[in-house]
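Let's take a walk through this one together. Have the coordinates open as you read.

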Amino acid sequence: MSRPTLLAFALSDDRLSRLRFCCLKLGIAVKPVAPEDYAQPLGALLGLQERTDEANADGSVGEMLVMAGFDDALLNRFLAALRQLRMPPFRLKAMLTPTNVLWNACQLYTELSAEHAAMGGVHEPPKPGCPS
């Protein structure tokens with residue numbers, strides 16, 4: 001993966017369009033992830049590892065972003081650009097790490113939801129099929 005990439009999960013067409021506009025100016029590739037790929041490891045979605053034989057995810061996820069290949073400067077520029085566009089915040093977002101690169105979307109969504117709740121955010125229960 002040579003170009004910074006943003007995996008986008010469960011975004012409305014309007015939010016995805018605005019996100020793409022924001023990322024275009026920053027040189028960030030935006031990859032919307034289809035529900036049928038939610039069972040794939042994040043690394044497979046980014047072409048960093050082989051896809052699994054999983055046919056379907058065992059749950060669904062809500063709106064979530066995963067940033068891959070971002071350095072601190074790009075992350076700051078990206079977040080500033082979102083604020084400048086007056087985009088409503090993306091509640092769940094994560095950087096790709098050596099740990100979560102092996103997780104699927106449902107696993108990451110569950111973890112981010114729990115972390116968000118622990119930090120005082122509004123807790124959203126796991127989507128159907130996601131472990132609680």
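What follows goes from the salt bridges to a helix and then to a single threonine.

First, the ground rules: this is a predicted model, where local features need pLDDT of at least 70, side-chain atom pairs count only at pLDDT 80 or more, and totals for chains, interfaces and linings use all residues. Residues are numbered from 1 along each chain as its sequence is written, and side-chain values use heavy atoms, with hydrogens and water left out.

How many salt bridges does the structure hold? There are two, a salt bridge being a side-chain nitrogen of Lys or Arg within 4 Å of a carboxyl oxygen of Asp or Glu. One pairs Glu63 with Arg15, with 2.7 Å between the closest N and O atoms. That pair ties together distant parts of the chain, 48 residues apart: Arg15 belongs to helix H1 (residues 13–26), while Glu63 lies in the loop between helix H2 (42–45) and strand E3 (64–68). Helices (H or I, at least four residues) and strands (E, at least two) are DSSP runs, numbered from the N terminus. Arg15 is buried, at 11% relative accessible area, whereas Glu63 is partly exposed at 27%. Here buried means under 20% relative accessible area, exposed means over 50%, and partly exposed is in between (1.4 Å probe, protein chains only).

The other bridge joins the side chains of Asp37 and Arg51, 2.6 Å from N to O. Again distant parts of the chain are linked, 14 residues apart: Asp37 sits in the loop between strand E2 (29–33) and H2, and Arg51 in the loop between H2 and E3. Arg51 is partly exposed, with 45% relative accessibility.

Now slide along to helix H4 (residues 105–118). Buried residues of H4 include Leu108, Tyr109, Leu112 and His116. Their cover includes strand E1 (5–9), H2, E3 and strand E4 (93–95). At the start of H4, a side-chain oxygen of Asn104 comes within 3.0 Å of the backbone nitrogen of Cys106. Just after the helix, Gly120 has a positive phi of about 95°.

Last stop: Thr5, in strand E1. Thr5 is buried, at 10% relative accessible area. Its side chain reaches the backbone oxygen of Arg3 at 2.9 Å. Leaving aside residues up to four places away in sequence, Thr5 touches (heavy atoms within 4.5 Å) several residues, among them Ile28, Leu46, Val66 and Phe70.

Terms used: Polar contact = N/O pair within 3.5 Å; in protein donor to acceptor, adjacent residues only side chain to side chain.
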